Protein chains: 2
Amino acid sequence: MRVPAARTAARGRIDKRQAILEAAFTVFARRGYAQACVQDIADEAGVAKPTVYNHLGDKENLFRHAMEAAADAVMRENLAVVERLRTTGDDLRAALEDVAYRMLKVCCGERSRALRSLTYSQVATFPELIETVQGRTSIGLGEAVADRLARLSLSGRLRQCDPGQAAEQFLALLTGPMEARSRLGTREVSAAETRAVANAAVDTFLRAYAAEAADPGLP
Amino acid sequence: MRVPAARTAARGRIDKRQAILEAAFTVFARRGYAQACVQDIADEAGVAKPTVYNHLGDKENLFRHAMEAAADAVMRENLAVVERLRTTGDDLRAALEDVAYRMLKVCCGERSRALRSLTYSQVATFPELIETVQGRTSIGLGEAVADRLARLSLSGRLRQCDPGQAAEQFLALLTGPMEARSRLGTREVSAAETRAVANAAVDTFLRAYAAEAADPGLP
DNA sequence: ACTAGATTGAACCCGTCAGTTCAACTCTGC
DNA sequence: GCAGAGTTGAACTGACGGGTTCAATCTAGT
């Protein structure tokens with residue numbers, strides 16, 4: 001006899017589908033696609049196995065939709081952080097450091113890591129994952145950052161440059177070192193170390209992209 | 001009846017074990033751990049299934065050893081490239097661009113990508129993979145690059161800096177954008193674009209780390 | 001209360017695959 | 001040729017899990 005995970009407020013058919021999608025992502029993240037079995041997902045969602053099949057058909061479909069939903073959630077978080085670059089105060093460095101740190105917190109969060117890991121591992125089996133996931137995360141995030149950097153460049157606070165490339169490198173300077181330090185997410189990275197990574201990335205970024213000399217442009 | 005892959009020079013027991021390890025990595029890379037079955041690996045190696053079990057015990061062991069061997073191979077390739085930084089000519093930028101480009105070619109190669117993908121996807125099931133693989137690739141590579149950068153810094157061609165951090169960021173500037181452009185390796189990136197990524201990385205790196213002003217130090 | 005549709009648990013079918021067994025075969029060294 | 005170790009194919013076991021079926025149960029809306 002299986003023991004349901006959260007049977008409390010489950011009986012009403014309110015949003016079974018949503019619960020199933022979240023549970024599915026949780027279990028896939030925990031076990032990997034092939035090792036995750038539908039019964040586990042049903043249990044995690046506090047739902048019977050046939051109900052899962054009723055709502056989402058087979059395992060592949062379930063996986064696709066779960067990944068899609070998770071990607072959307074991660075993207076929302078990331079965009080909220082990038083929005084903070086819209087209102088930069090006087091101190092550009094401080095603003096970038098703030099955004100960098102928050103972005104690292106998101107990108108190393110549970111969902112974000114699991115999403116990357118699952119995408120990486122199942123890209124051979126589900127080729128459309130790249131579009132679905134990358135399109136909703138990396139690519140969109142890159143564009144959002146590029147937009148902000150373009151404005152900063154135009155207002156003379158960064159030097160003339162290709163904003164797309166600048167954004168690409170900014171993100172690389174952030175996530176690359178972080179992945180290495182966290183050992184692909186298997187190791188806790190202290191807040192202090194995270195902040196150090198963010199600051200180092202911003203420092204290098206500004207050395208390479210800050211406007212030359214004392215900016216003579218604006219009044 | 002199964003069709004063996006390369007039965008030509010297989011009969012002698014010369015290096016069955018080696019053949020099995022290589023075949024295993026090939027099949028794991030192609031199908032992923034869970035989806036790869038031992039029979040496929042045996043076929044790929046041109047060997048019978050019991051022989052696989054004779055040499056390497058169970059599937060988990062097989063996987064561990066195959067990953068270990070592949071990591072060693074990738075590491076050898078990478079170190080060979082980094083060694084080129086020992087003899088920098090007059091043109092530091094050109095030397096870095098050369099190394100950067102070669103490194104990208106290695107890191108986006110078949111083995112290297114498969115290694116990353118498999119590590120990522122199985123890290124939950126085989127926690128020691130991080131040590132085995134990262135220890136033999138990323139970490140060692142980072143240290144090797146840091147060694148070279150330290151020398152360059154000492155000889156006044158780069159500014160004073162923490163070589164470990166510089167290496168970390170140099171590698172991030174290289175691999176980050178490349179992973180994004182290649183869509184996790186599912187898309188061919190032209191040699192020209194690869195070179196552009198390498199040059200952009202070196203450009204940003206030098207802006208941030210080159211010795212200040214026209215170096216007055218050396219004769 | 002009544003009905004229709006959703007939900008449930010349990011059992012079931014069926015394919016896949018890890019791992020084993022075994023008798024036959026092949027090669028090597030002597 | 002012979003002995004013995006290694007190899008082979010083929011068949012087998014047992015576990016696991018995807019997907020389905022079904023009768024019993026629950027819930028909502030009327």
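1. B:Arg183 is placed in the loop that joins H9 to helix H10 (191-209) of chain B. The model is a predicted one, and in it this arginine, although not a glycine, has a positive phi of about 50 degrees. In chain A, A:Arg183 likewise sits in the loop between helix H9 (163-181) and H10, and its phi is positive, near 50 degrees. The feature deserves a remark because most residues other than glycine have a negative phi.

2. As to the overall make-up of chain A, the assignment gives 10 helices and 0 strands. Read from the N terminus, the order of elements is α-α-α-α-α-α-α-α-α-α. The C-alpha trace of chain A spans about 75 × 35 × 30 Å along its principal axes. Of the 219 residues in chain A, 48% are buried. If one takes the contacts in chain A between residues at least 6 apart in sequence, 69% of them join residues at least 24 apart.

3. Leaving aside residues up to four places away in sequence, A:Ala24 touches A:Ile41, A:Leu62 and A:Ala66. Between A:Ala24 and A:Glu77 there are 20 Å in space, C-alpha to C-alpha, for a separation of 53 residues in sequence.

4. Next comes the packing of two helices within chain A. The axes of helix H5 (residues 92-107) and helix H10 (residues 191-209) of chain A come within 9 Å and cross at roughly 130 degrees. At that angle H5(A) is therefore oblique to H10(A), and the crossing is right-handed. On the H5(A) side the contact consists of A:Leu92, A:Arg93, A:Leu96, A:Glu97, A:Ala100, A:Tyr101 and A:Leu104. The residues they meet in H10(A) include A:Val197, A:Ala198, A:Val202, A:Phe205 and A:Leu206, and also A:Arg195 and A:Asp203. Sorted by class, the contact of H5(A) with H10(A) has 11 nonpolar, 2 polar and 4 charged residues.

5. Helix H6 is involved in a contact between the chains. H6(A) packs against helix H6 (residues 110-122) of chain B at an angle of about 130 degrees, with the two axes 8 Å apart. This angle makes H6(A) oblique to H6(B), and the crossing of the pair is left-handed. A:Arg116, A:Ser117, A:Tyr120 and A:Ser121 meet B:Arg116, B:Ser117, B:Tyr120 and B:Ser121. By class, the contact of H6(A) with H6(B) has 2 nonpolar, 4 polar and 2 charged residues.

6. Which residues of helix H7 (residues 129-136) of chain A are buried? They are A:Leu129, A:Ile130, A:Thr132, A:Val133 and A:Gln134. The buried residues of H7(A) pack against helix H4 (59-83), helix H6 (110-122) and helix H8 (138-154) of chain A, and also against helix H9 (163-181) of chain B.

7. The relation of H7(A) to H8(A) may be set out separately. Their axes come within 3 Å and cross at roughly 30 degrees, and H7(A) and H8(A) are therefore roughly parallel to each other. A:Gln134, A:Gly135 and A:Arg136 form the H7(A) side of the contact, while A:Ser138, A:Ile139 and A:Gly140 form the H8(A) side. The residues of this contact divide into 1 nonpolar, 4 polar and 1 charged.

8. A last point concerns the cysteines. The count over all chains comes to 0 disulfides. A:Cys108 is in no disulfide, and the nearest cysteine sulfur, that of A:Cys107, is 6.4 Å away. A:Cys108 is partly exposed, with a relative accessible area of 29%. B:Cys107 counts as buried because its relative accessibility is 12%.

Technical notes
Residues are numbered from 1 along each chain as its sequence is written. Chains are lettered from A and ligands numbered from 1 in the order in which they are written. This is a predicted model: local features need pLDDT of at least 70, side-chain atom pairs count only at pLDDT 80 or more; totals for chains, interfaces and linings use all residues. Side-chain values use heavy atoms; hydrogens and water are left out. Axes are lines fitted to C-alpha atoms, for helices over the stretch in contact, and angles run from 0 to 180 degrees between N-to-C directions. Helices (H or I, at least four residues) and strands (E, at least two) are DSSP runs, numbered from the N terminus. Angles under 35 degrees count as roughly parallel, over 145 as roughly antiparallel, 65 to 115 as roughly perpendicular and the rest as oblique. A crossing is left-handed if the near helix is turned anticlockwise from the far one by less than a right angle, and right-handed if clockwise. Contact means heavy atoms within 4.5 Å. Ala, Val, Leu, Ile, Met, Phe, Trp, Tyr, Cys and Pro count as nonpolar, Asp, Glu, Lys and Arg as charged, and the others, Gly among them, as polar. A disulfide is a pair of cysteine sulfur atoms within 2.5 Å. Buried means under 20% relative accessible area, exposed over 50%, partly exposed in between (1.4 Å probe, protein chains only).
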